[in-house]
Amino acid sequence: MTEGKRLMDSREVMVLEGVAMLGLSAVALCYPMEQRLSLLIPFGLLLGFSGITRLIISAWFFRRGSAWRQLVQQSAVADLLSGGAALVLLFQGSNQLVLLLGLWLVLSGYFQIRRYAYLREQWPACTPAGLTGILSVSMGAFLLANIQGQWLSAPLDLSLPLALLGLFKIYAFIKLGQMRQRFSNGEPIADQEPFPPYSPLNLN
């Protein structure tokens with residue numbers, strides 16, 4: 001089994017993120033601008049949990065020094081920093097949820113694009129993974145620009161981009177699942193470094 005295949009198998013994280021975005025989108029519809037500060041609590045906790053989970057995955061499934069391991073670890077650090085920033089903003093009483101979410105979407109999309117860049121060497125048809133990253137960066141950039149431009153007013157400024165990205169993540173989850181099924185059916189793939197056996201947790 002290749003490390004790329006293992007990362008493909010973790011696509012369940014993508015559907016969880018999609019469902020979480022749809023949920024946050026629905027909740028944001030019920031919160032006026034002045035009450036969005038309270039949304040920093042679940043946002044920060046979820047990102048903190050995501051970051052810790054990614055660190056464990058990187059240490060357990062990917063060999064030390066591999067590009068896959070570094071990619072997952074960097075993504076985990078981005079989640080932890082964003083989650084920590086959410087809690088700091090909450091304690092400061094700073095209602096900057098849209099700003100923080102926009103920055104996180106850009107970072108998350110960047111790592112998704114890098115993931116696609118590695119995966120396409122084995123699965124050239126894994127376009128949904130790359131499109132998800134591009135859409136994430138685009139939605140993040142839109143949120144940041146909308147702070148000044150005010151093209152969409154609350155609550156649509158937060159709810160609509162999250163709903164679109166959440167739906168596309170679920171779509172990408174389905175398409176990547178179809179690719180994994182073709183792999184299981186024995187379709188040829190490019191050679192890649194072998195996936196090592198399970199190893200003890202090591203965060204180096």
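Me: Which secondary structure elements does the protein chain have, and in what order do they run?
Reply: The model is predicted. The protein chain has 7 helices and 0 strands. From the N terminus on, the order is α-α-α-α-α-α-α.

Me: What share of the residues in the protein chain is buried?
Reply: The protein chain has 204 residues, and buried ones make up 43% of them.

Me: Among contacts with a separation of 6 or more, what percentage comes from residues 24 or more positions apart?
Reply: In the protein chain, such residues account for 81% of those contacts.

Me: How is a pair of packed helices described, in what terms?
Reply: Two packed helices are described by the angle between their axes and by the distance between those axes. Take helix α3, residues 40-61, and helix α5, residues 97-119: they pack at about 25°, and their axes are 11 Å apart.

Me: Are α3 and α5 roughly parallel or roughly antiparallel?
Reply: Angles under 35 degrees count as roughly parallel. The angle here is about 25°, and α3 and α5 are therefore roughly parallel to each other. As for handedness, α3 passes α5 in a left-handed crossing.

Me: Which residues make the contact of α3 with α5?
Reply: On α3 they are Leu40, Phe43 and Leu47, and on α5 they are Leu97, Leu100, Leu101 and Trp104. By class, the contact has 7 nonpolar residues, no polar and no charged.

Me: Now helix α4 and α5: at what angle do they pack, and how far apart are the axes?
Reply: Helix α4, residues 67-92, packs with α5 at an angle of about 175°, with the axes 11 Å apart. That makes α4 roughly antiparallel to α5, since angles over 145 degrees count that way.

Me: Which residues of α4 and α5 meet?
Reply: From α4 the list includes Ala67, Trp68, Leu71, Gln74, Asp79 and Leu89; from α5 it includes Leu100, Trp104, Phe111, Arg114, Arg115 and Tyr118. The residues of this contact divide into 13 nonpolar, 3 polar and 3 charged. Leu100 and Trp104 of α5 are also among the residues in the contact with α3.

Me: How do α5 and helix α6 pack, in angle and axis distance?
Reply: Helix α6 covers residues 127-149, and its angle with α5 is about 160°, with axes 7 Å apart. The two helices are therefore roughly antiparallel to each other. Their crossing is left-handed. The contact of α5 with α6 holds 17 nonpolar residues, 10 polar and no charged.

Me: What does the side chain of Ser58 reach?
Reply: The side chain of Ser58 reaches the backbone oxygen of Leu55 at 2.7 Å. Leaving aside residues up to four places away in sequence, Ser58 touches Arg69, Val72 and Gln73.

Me: Where is Asn146, and is this residue buried or exposed?
Reply: Asn146 is in helix α6. With a relative accessible area of 3%, Asn146 is buried.

Me: What does Asn146 touch?
Reply: Not counting residues up to four places away in sequence, Asn146 touches Trp151, Leu152 and Asp157. One of these, Trp151, has its backbone nitrogen 2.7 Å from a polar atom of the Asn146 side chain. Sequence and space can also be compared by C-alpha positions: Asn146 and Val98 are 48 residues apart along the chain, with C-alpha atoms separated by 9.3 Å.

Me: What are the corresponding values for Ile134 and Gln112?
Reply: They are 22 residues apart in sequence, and the C-alpha to C-alpha distance is 8.2 Å. Ile134 is in helix α6 and is partly exposed, with a relative accessible area of 47%.

Me: Where is Gln150 found, and what is its phi?
Reply: Gln150 is found in the loop between α6 and α7, the latter spanning 156-184. Phi of Gln150 is near 55°, a positive value in a residue other than glycine. At 51% relative accessibility, Gln150 counts as exposed, as the cut-off is over 50%.

Terms used: Residues are numbered from 1 along each chain as its sequence is written. This is a predicted model: local features need pLDDT of at least 70, side-chain atom pairs count only at pLDDT 80 or more; totals for chains, interfaces and linings use all residues. Side-chain values use heavy atoms; hydrogens and water are left out. Axes are lines fitted to C-alpha atoms, for helices over the stretch in contact, and angles run from 0 to 180 degrees between N-to-C directions. Helices (H or I, at least four residues) and strands (E, at least two) are DSSP runs, numbered from the N terminus. Angles under 35 degrees count as roughly parallel, over 145 as roughly antiparallel, 65 to 115 as roughly perpendicular and the rest as oblique. A crossing is left-handed if the near helix is turned anticlockwise from the far one by less than a right angle, and right-handed if clockwise. Contact means heavy atoms within 4.5 Å. Ala, Val, Leu, Ile, Met, Phe, Trp, Tyr, Cys and Pro count as nonpolar, Asp, Glu, Lys and Arg as charged, and the others, Gly among them, as polar. A polar contact is a pair of N or O atoms within 3.5 Å; within protein, one must be able to donate a hydrogen and the other to accept it, and residues adjacent in sequence count only if both atoms are side-chain atoms. Buried means under 20% relative accessible area, exposed over 50%, partly exposed in between (1.4 Å probe, protein chains only).
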